[in-house]
Amino acid sequence: MPPPDLVPGTAYGFKKTTNRLIAPSFKVRAATYSSKTNAGGQLSDAVSAQVLKIALPSPLRRLFDYLPNRQTPPGGWQPGLRVRVPFGHRDVVGVVVELADHSDLPHTQLRSVSETLDDAPLPADWLWLCQFTARYYQHSLGDTLAMAMPARMRQGHPMAGRTQTLWRASGPPGDDRLSRAPKQAALHALLQQHPHGLPGRAVNAHGFSRDQLLALEKKGLAEAQDITLTAPTPPGGSLLASPALPLNREQATALAALHEKLDDYHPCLLEGVTGSGKTEVYLQLIEAVAAKGKQSLVLVPEIGLTPQTLSRFKSRFRVPVVALHSGLTDPERLDVWEAAASGRALIIIGTRSAIFTPLANPGAIIVDEEHDGSYKQQDGLRYHARDLAVARAHHHKIPLLLGSATPSLESLQQALTGAYRHLRLTQRPSRHPPAKLELVDMRHQRRQGGLLPASLSAIKNTLAAGKQVLIFINRRGFAPTLACHSCGWLAECGQCDARMTLHRQPPLLACHHCDSRRALPDACPECDSGDLRALGSGTERTEETLQSLFPKTKVQRIDRDSTRKKDSFEQMLKEIQRGEPCLLVGTQMLAKGHHLPHVTLVVVVNADGGLYAADFRALEHSAQLLEQVAGRAGRAAHPGRVLVQTLHPDDPQLGQLAEHGYGTLARSLLEERRLAQLPPFCFMALLRIESPKEEAALGLARQAAQALRQWLSNSDTPARCLGPVPAPMERRQNRYHLQVMLTADKRSQLHAAASWLTQWLEANRDARRVRWSIDIDPQSLS
């Protein structure tokens, strides 16, 4: 009998009947086990014959055998329990994955579990997701589990959110029993003024003691209640704190399509021009899900978008809304994790890692700006949060909504073939169409801070009209490099194949790849000339130029260097949204989803940076970035204008983007990918190898490629192996980087080959002398 077909449109390795990946995988038996002790307190022979297969935080792709200890969990031994075990010369926290009746090692050589940390197993949906992720991305299950749980749980703390004790008054005011206790009477009156309760600290701050609280409690005039700090259960009432906004026809049609299958897997791509009201569709979908008592998980690409999204959602809903991102402390992250796992938090908003949040009652998953590259983890466990959202929505049989003005070619192809439902929003509430890109020829023109005379004239006119201007330049620092005008010396990084960026605040040379820094030289180190010049423009140089040209206008520079302080980015955005005329100089931090209603002019300083890179995805990513930054203009009452400075105004694809928009260019790029048999028309994996010794990296890469080609031939697996080749930046952080590319027409073929390659590398001694990783579905070749 042939194997079941893959689920149409997902292409993530499910079988229809089992949701299992078609590749070697960890197998978990859904068995429970209860140990028994004899009269002497020792484990009985029947129990001691059992073995716990435990996943530990280790790069080794295997489980470790241990014997159960005397501390039997209340529900018996079962998969999903956290345990502390001896591992080498230290104790580590692991997760029981399987119960077995034998081990390859004699029981006399097996060590016992030191401590059981949980009374009940970890959430089943979370365990399934971690196991799927480890299998799919060819990663250690122990490392995956450790990465996916909060840090405090990795350290062995209980899976419990923090609580707070609130004191409330009970009984009538002026009780006779308080006539001879004036302090208790005053305390009782204070509590009556706060019917929702006062925490103990607040009571102490008013000059009362804990003994007085306990005395009131003993008399039945005060009561204590423990509440959770994160997502406490709200009082009953309306679901909404503010009414939903009216929808236009396109929004209403999209929402109606989503409502058709609220209780089943229903993948939809919401392609809407910037400012078309995609967030309102998200909010009203979540309202329908929350009305059924179910949870919604909303992913956003950047931590900078989390506060504004959280604020908008909290102002709309009365139900608990929580956020998960890298800016939380360890206790805060555990609080949110527990609130989601318990089901108290109905709306969870987070960045990439939030995909691993357990949900007690999942109802919908929304991925905003689904095309964004930050959803892909670039080291360690190289997962893609959007793709895991697809897998998770299918597993839970819930709706999945992917939203973007510039969809990834993978998602767009799924929509064009009918695997995803394609929903479109083409109108803005302001009725102004999105601004078209105006290409401005940079050739043979003098520039000031990277800006052409035509751009400076447009900036002057916009400021005179009382509006704001966004100048987009995707280069931090003052200038891309420092050069000697006498001999041509360039400031290059000693650890990378890259030039060092000149910074003025503070003055230094910095490499943005390895973060090495050095002081500015007084003279050229090659010819001793003092004629050192900054080449090109970065955000600092453009900011300096604009401040000198428009001294009466405030210039706000927004990049990674200017927003290092906590909450500085949010404070800048609040100041910008007041509407006073200003100049915003920013990197792609400003291009992603921010609502800037007073910006009517966008100037892109140099559009050529990503157009001609070696990566086959470069044009797709550059077009998405240009379209996104252009979408910041004209989002409110006034139309917008976008000037794109370029040295290649005659480039046909750049012209197609400017004239017809991203949708037309994307379809053209899809046809090119189809002819070249590149993703999404094939499936890809990269073996990445790095070593401080070039010969070691090259030697292993050649061995791996040769062995893989031989295996593909012998096994008759129709996959292709290319390489080894140097990475686009071969030397980075004093390590040499090489790649071997693996492609296949079917995902199952790719995983079979990647699984074999992983096992071959783990058994190869030379592989232990270098760093290597297998990147499934790479989003960048760098």
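Two strands pair if DSSP finds at least two bridges between them. In this predicted model, five bridges join strand β10, residues 295-299, to strand β13, residues 362-368. The two strands run parallel. Within this pair, L297 stands opposite I365 of β13.

Both strands belong to an open sheet of seven strands. The order across the sheet is β11-β12-β10-β13-β14-β9-β15, and the pairing is parallel. The edges are taken by β11 (321-324) and β15 (421-425). Each edge strand has a single partner, so one side of each is left without a neighbour in the sheet. Neighbouring strands of the sheet are turned by 20° against each other on average, direction ignored.

Helix α12, residues 385-396, packs on this sheet. The helix touches β10, β13 and β14 (399-404). Its direction makes about 160° with that of β13. The loop between α12 and β14 holds K397. This residue is not a glycine, yet its phi is positive, about 60°. Most residues other than glycine have a negative phi. K397 has a relative accessibility of 48% and therefore counts as partly exposed.

Helix packing was examined for two pairs. Two packed helices are described by the angle between their axes and the distance between the axes. Helix α2 covers residues 124-136 and helix α3 covers residues 141-148. They pack at an angle of about 130°, with axes 9 Å apart. Because of that angle, α2 is oblique to α3. The crossing of α2 past α3 is right-handed. On the α2 side, the contact involves W126, L127, C130, Q131, T133 and A134. These residues meet L141, T144, L145 and A148 of α3. By class, seven residues of this contact are nonpolar, three are polar and none is charged.

The other pair is α17 with α19. Helix α17 spans residues 618-630, and α19 spans residues 662-676. Their packing angle is about 175°, and their axes lie 11 Å apart. Angles over 145 degrees count as roughly antiparallel, so α17 is roughly antiparallel to α19. Helix α17 contributes L619, E620, A623, Q624 and E627 to the contact. Helix α19 contributes Y662, L665, L669 and R673. This contact has five nonpolar residues, one polar residue and three charged residues.

At 37% relative accessibility, Q677 counts as partly exposed. The peptide bond from P679 to P680 is cis, with omega near 15°.

Another cis peptide bond joins Q505 and P506. Here omega is about -5°. P506 is found in the loop between β19 (501-504) and β20 (507-510). Most peptide bonds are trans.

Key: Residues are numbered from 1 along each chain as its sequence is written. This is a predicted model: local features need pLDDT of at least 70, side-chain atom pairs count only at pLDDT 80 or more; totals for chains, interfaces and linings use all residues. Side-chain values use heavy atoms; hydrogens and water are left out. Helices (H or I, at least four residues) and strands (E, at least two) are DSSP runs, numbered from the N terminus. Axes are lines fitted to C-alpha atoms, for helices over the stretch in contact, and angles run from 0 to 180 degrees between N-to-C directions. Contact means heavy atoms within 4.5 Å. Angles under 35 degrees count as roughly parallel, over 145 as roughly antiparallel, 65 to 115 as roughly perpendicular and the rest as oblique. A crossing is left-handed if the near helix is turned anticlockwise from the far one by less than a right angle, and right-handed if clockwise. Ala, Val, Leu, Ile, Met, Phe, Trp, Tyr, Cys and Pro count as nonpolar, Asp, Glu, Lys and Arg as charged, and the others, Gly among them, as polar. Buried means under 20% relative accessible area, exposed over 50%, partly exposed in between (1.4 Å probe, protein chains only).
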